Amino acid sequence: MTDIIAEPEGGDRRKGSLLAQDTRTQKRNAAERRFQIYGMVAVSIAVLALVFLLTSIVSNGIGSFSQTFISLDVVLAEDKLDKTGSRDRTEMAKVSTFGYAPLIKAAIEDRIAAEGIEIDGLTKPDALISKEAAAQLRNFVLANTDRVGDTVEFKFLASGRIDGYYKGRVTMASAALDRNISPEQLMLADALKDAGALERTFNWDFITAPDASENRPEAAGLGVAILGSLYMMVVVLFLALPIGVAASIYLEEFAPKNFLTDVIEVNISNLAAVPSIVFGILGLAIFINFAGLPQSAPIVGGLVLTLMTLPTIIIATRASLKSVPPSIREAALGVGASKMQTVFHHVLPLAAPGILTGTIIGLSQALGETAPLLLIGMVAFVREYPGAPPEGFFDPASALPVQIYNWTTRSDPAFVERASGAIIVLLIFLLIMNIVAIILRRRFERRW
Amino acid sequence: MPLIWLIAIIFALAVLGFVMGRGRAVASAGGDTRGLHSLPSYYGWNVALTVMTPAFGLLALWLLIQPMWIESRVSAQLPENAISETSTRELVMSDVRRVAEGLEAINAPFGGAHPVVNDAYLADLREQIGSVGVALGSDITVGVYDAARSFRTLSGWGGTAMSVVAFLTALGGFSVSYMVTNKDFRARNTVERGILLVLVAAASIAILTTLGLVLSMLFEARNFFAAHPWQDFFFGTKWAPDFRGNSELAILPLLWGTLYISVIALLVAVPVGLFAAIFLSEYASSRVRSLTKPAIEVLAGIPTIVYGLFALITVGPMLRDYFALPLGFGQSSSSVITAGLVMGIMLIPFVSSLSDDIINAVPQSMRDGSYALGATQSETIRQVVVPAALPGIVGAVLLAASRAIGETMIVVLGAGAAAAQFDRGLGELVNPFQAMTTITVKIVSQLTGDTDFSSPETLVAFALGLSLFTITLGLNVLALWIVRRYREQYE
């Protein structure tokens, strides 16, 4: 009988216990833990970056939703506004905004006197009020000519610096160096605030008003930009969805496997990765220079964004067509439907939720796209709202992301707050679109 | 007749066609739909589509060709002396167009007694046109006036002819398709063939887009290379545009900035994205995964303008105040590293979701084999999973690189506008706290604002765009090829 369980020769079998790890195992386990930590660090870097990004934008931009207003009683003096006394609107329209500025100046001086505010070295108290106020006053007077001669209470925008003072952007020290505001004027603002003439309220104008010029950031709003973006999204929706769905149906259900189909497929996956700015060049060269469409028009922006969104929609639609099981098609064909009837009556309705979700995601990409719109002239300063569709599609307009870019290029720091605020608006729109997409997917998606 | 009315009339004709075609088919079968070849509505659709498709196709073509034809006709009859020395034919033509528009707006009579055209008449005309809101930059000359009149006459004729021809086409389609409608007509097959054609047309828009992209850039880039030597563009070392002419327009300084920023972005995005993907797919519990994965994907849904602003107002000043100024590297808040870092954050989800897919595609049997040999999880990942997934990961990195090279808004707001200067020495070239510009930034800056499409300073943007397109296309094709080959390996 041979010795089966003989001890190995030499007897150098590793001595060790199951309970105590040897150094090599310890090292390997340490490496394991380190590796896991690297992973955790990477994930936390990504999440922290997101949190940092969002807090930075929100903390910078939240201020733009509230604005400082000053309430004043303005005497609409007849001898200044309507010298002929005829109350004729065309006659009164000859008084420009310069003619209204003295009324505002008088109103604030009256108020200071009435409250008994005394500040040494105070000059130009009307610098507290936005330059937009004269236009506001003029519009009111021209709309209500019968009120001339009355004393009317107005809520004027405070100037950008005063607004910045209450948002922490302007301090006494910085005001001393500033040509546009003085510490005395800030003290006056504080005194008016105590008297209840100055208050900070929610600012609807930020969302509805048009853009304003370089030196009146307090009046700048997003109205034209939101409308322009909306028009572009309408164009994208009405072009990209039908074309994208038709193209996907062809490629997924009908296309024979041949060279041409392969070329189209490679093309679509490449188009999805072409830099967006190249689409801007296409829009400039073809839609504006060649086809002669107007610059800064939502129609051109919409066309460019349509071409950019098509690959996204096609890829999503094809995936959702693919996920409809072949048994559905076979059943339809089996009861005598034609290929076309099978697709349009059975496959397409079942794929619809997926297509819709893909479309919304494509639209939300298009909504945030900036670079191609810069090239087709949408950076222009537009104060007029575009008209009603369909003519409005050809009117000059701005777009949300372009408006943000536009504001970042201006020198007044108040515009940085405006830009961040506009980003909050943009992100809210994107959030709504994505939530709708998720709800649609949860509600209607079928697992086969 | 306004276009919208023409379209409405054709639509109405189509609806009428639907009803009548359907009715005729049913009548021909004696009211018993079982006798028809196709379902009754197919006969209606057949008539409606035959009314609409040719008419609208013709309309679209006409609208595209007519302006070009009129333009060339009028331009050809414009006498040489109508173009002053300081002007060009294109500028005069735009005057002609505006005068024609003005004549239309004041509703000037077409024919009849022709007034004496003299300076007084033209000055009066300019005033009249101005009063209806068409402002003219310069006085109307006799040549321009005549050209504008013929322009207007031709457009008027063209519009009328278009309406008549489109209407007749619609009517023709109606009668032909109505005549062929009877119970044995294979209406379904005809309609389905028509729909298939529409589907094919939609699918070929992808090809048309690519063609449009390439042709539009090639055409203008050719104009650029006619005005500027190509050797200077590709091999020159200085970017110094000067709108008075004699500019140096070389792509190399811009390419350097582009690549430098992209490399920094990839140095951030690739390790973070890859480790995040590994952690989420191999280690994380399903609860952690369900929380962090969407959070990382949110980063992908944020528009680039938001990243740009983040770079401009937060990251840039922070890097300047805490690193560049104390270390004496410069005082610019827009810099290579600002743009690179922020772009890296933007690319994290891109790398991580692609790598995630690829790592998940590695067969479980390979992991199981490794575990069976006693490897720890991290050893399995490092020595089995990642090497197996490497080609796919390389593909993902290449795709991310192509994204980085083509990214615009982050560099516009974060990287600055000064081109790299090769003659200042290596120190400035590689200083990451230095402002540096990229190809995309220069495309934007050369094509926004007042542009003159005959000067090389504007046209260079198209050559830059073409180069950018070529680089990114090359990277994409390579990456897609690698990824596809890799996927096939395990299928």
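Trainee: Where in chain B is His228(B) placed?

Mentor: This is a predicted model. His228(B) sits in the loop of chain B that runs between α6 and α7 (230–235).

Trainee: Is His228(B) buried or exposed?

Mentor: The call rests on a count of neighbours, and a residue with 20 or more other C-beta atoms within 10 Å is buried. His228(B) has 20 C-beta neighbours inside 10 Å, so it counts as buried.

Trainee: Which residues does His228(B) touch, leaving out those up to four places away in sequence?

Mentor: Phe233(B), Leu249(B) and Pro456(B) are touched by His228(B) on that basis.

Trainee: What do the radius of gyration and the box say about chain B?

Mentor: The radius is set against the value for a compact globule. For 491 residues that value would be near 23 Å, but chain B has 32 Å. Along the principal axes, the C-alpha atoms of chain B fill a box of roughly 95 × 75 × 40 Å. Its secondary structure comes to 17 helices and two strands, and 42% of its residues are buried.

Trainee: What are the corresponding values for chain A?

Mentor: A compact globule of 448 residues would have a radius of gyration near 22 Å, whereas chain A has 33 Å. The C-alpha trace of chain A spans about 130 × 75 × 40 Å along its principal axes. Chain A has 18 helices and three strands, and buried residues make up 42% of its 448 residues.

Trainee: How many residues of each chain are in contact across the interface?

Mentor: On the chain B side there are 69, in contact with 68 residues of chain A. Helix α6 (residues 187–227) of chain B gives the largest share of the chain B side, 19 residues. By class, that side has 47 nonpolar, 19 polar and three charged residues.

Trainee: How is a pair of packed helices described?

Mentor: Two packed helices are described by the angle between their axes and the distance between the axes. Take helix α1 (residues 23–61) of chain A and helix α8 (residues 252–283) of chain B, whose axes come within 8 Å and cross at roughly 115°. Angles of 65 to 115 degrees count as roughly perpendicular, and α1(A) and α8(B) are therefore roughly perpendicular to each other. Their crossing is left-handed.

Trainee: Which residues make the contact of α1(A) with α8(B)?

Mentor: The α1(A) residues include Gln36(A), Tyr38(A), Met40(A) and Val43(A), and the α8(B) residues include Pro271(B), Phe275(B), Phe279(B) and Tyr283(B). The contact residues divide into 14 nonpolar, two polar and no charged.

Trainee: At what angle does α1(A) pack with α9(B)?

Mentor: The angle between α1(A) and helix α9 (residues 286–301) of chain B is about 55°, with the axes 9 Å apart. That makes α1(A) oblique to α9(B). The crossing of this pair is left-handed. From α1(A), Val43(A), Ala46(A), Val47(A) and Leu50(A) meet Thr292(B), Ala295(B), Ile296(B), Val298(B) and Leu299(B) of α9(B). This contact has eight nonpolar, one polar and no charged residues.

Trainee: What is the phi of Ser296(A)?

Mentor: Most residues other than glycine have a negative phi. Ser296(A) is not a glycine, yet its phi is positive, about 50°. Ser296(A) is found in the loop between α12 (276–290) and α13 (298–322) of chain A. With 23 C-beta neighbours inside 10 Å, Ser296(A) counts as buried.

Terms used
Residues numbered from 1 in each chain as written. Chains lettered and ligands numbered in written order. Predicted model: local features only at pLDDT ≥ 70, side-chain atom pairs only at ≥ 80, totals over all residues. Contact = placed C-beta atoms within 7 Å. Helix = DSSP H or I, 4+ residues; strand = E, 2+ residues; numbered from the N terminus. Nonpolar A, V, L, I, M, F, W, Y, C, P; charged D, E, K, R; others polar. Axes fitted to C-alpha atoms, helices over the stretch in contact; angles between N-to-C directions. Parallel < 35°, antiparallel > 145°, perpendicular 65-115°, else oblique. Left-handed = near helix turned anticlockwise from the far one by under 90°. Rg over C-alpha atoms; globule rule 2.2 N^0.38 Å. Buried ≥ 20, exposed ≤ 12 C-beta atoms within 10 Å, placed from the backbone.
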